[in-house]
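The structure is shown first, and the notes follow by topic.

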Amino acid sequence: MSEIQAYVNERVLVVTSDGRVIVGTLKGFDQVTNIVLADCQERIFSPDDGVEMAPLGLYFIRGDNIAVVGLVDQEQDSSLQFGALRAQPLPEILHGA
Amino acid sequence: MLPLSLMNTAKGRPIQVELKNGETYNGHLMQCDNFMNLTLREVIQTSADGEKFWRLSECYIRGNTVKYLQMPPEILDLVKEERFQHRSGRGGRGGQRGGRGRGGQRGTWGGRGLTLN
């Protein structure tokens, strides 16, 4: 079974190919990395304001658009001061550009 | 849990679909298949910039254009219930996929062979 099986029911951070960052609880996946995330939030980074957390609920992301699935270290994550964090948003992924 | 079984459970419920080009479609999911092709009813289509809206009574979305689906959270519980019903109804494990269907058919053939002998 693929390595991602170990992430099921854990908090994961997904980077999509359009540059979005989505954090949620991994509920399921399949051979083509379609992914089900529960209790999702999008983290919107900006250079001027703090990180905006947009609640999204239950999300099903098609595998085509997924760049990264990472396990979240919850202790470290909850110790971050997102309100004070300034960062450029990720650009979208360009294929063959 | 397989993502496609979640999608099947979401049939008849309101979902939001975002396509790779950024357009979104809000409507009730009527049909879906293993390619993630979808048909929606009573749809509101929104342009990628979020400024234009269209109402469609029905639409078909080719699966490979989908970026993501957003669904009501209670569907997760429904998937669990359905899985439980499948198990207690027919026994065995592994859900409702092809393998078991084929196994059943082979059984019928075997039976017929026996009566001929």
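In this predicted model, the contact between the chains takes 16 residues from chain A and 18 residues from chain B. On chain B, at least two residues of the side that touches chain A come from each of helix 1 (3-9), strand 5 and helix 2 (75-90).

**Side of chain B that touches chain A**
- Strand 5 of chain B gives the most to this side, with six residues.
- By class, the side of chain B that touches chain A holds 15 nonpolar residues, two charged residues and one polar residue.

**Pairing across the chains**
- Strand 4 (residues 52-61) of chain A is joined to strand 5 of chain B by four bridges, and the two strands run antiparallel.
- Within this pair, Ile61(A) has Tyr68(B) of strand 5 of chain B as its bridge partner.

- As a general point, strands of a sheet pair through backbone hydrogen bonds, and the pairing is either parallel or antiparallel.

**Strand 1 of chain B and its two neighbors**
- Strand 5 (residues 66-71) of chain B, which pairs with chain A through strand 4 of chain A, is also joined to strand 1 of chain B by four bridges, in antiparallel fashion.
- In strand 5 of chain B, Leu69(B) stands opposite Val17(B).
- Five bridges join strand 1 (residues 14-19) of chain B to strand 2 of chain B, and these strands run antiparallel.
- Here Val17(B) has Tyr25(B) in strand 2 of chain B as its bridge partner.
- Strands 1 and 2 of chain B form a hairpin with four residues between them.
- In the turn of this hairpin, Gly22(B) has a positive phi of about 95°.

**Strands 2 and 3 of chain B**
- Strand 2 (residues 24-32) of chain B and strand 3 (residues 38-46) of chain B run antiparallel and are joined by seven bridges.
- Tyr25(B), the bridge partner of Val17(B), stands opposite Gln45(B) in strand 3 of chain B.

Terms used. Residues are numbered from 1 along each chain as its sequence is written. Chains are lettered from A and ligands numbered from 1 in the order in which they are written. This is a predicted model: local features need pLDDT of at least 70, side-chain atom pairs count only at pLDDT 80 or more; totals for chains, interfaces and linings use all residues. Two strands pair if DSSP finds at least two bridges between them. Two residues are in contact if their C-beta atoms, placed from the backbone, lie within 7 Å. Ala, Val, Leu, Ile, Met, Phe, Trp, Tyr, Cys and Pro count as nonpolar, Asp, Glu, Lys and Arg as charged, and the others, Gly among them, as polar.
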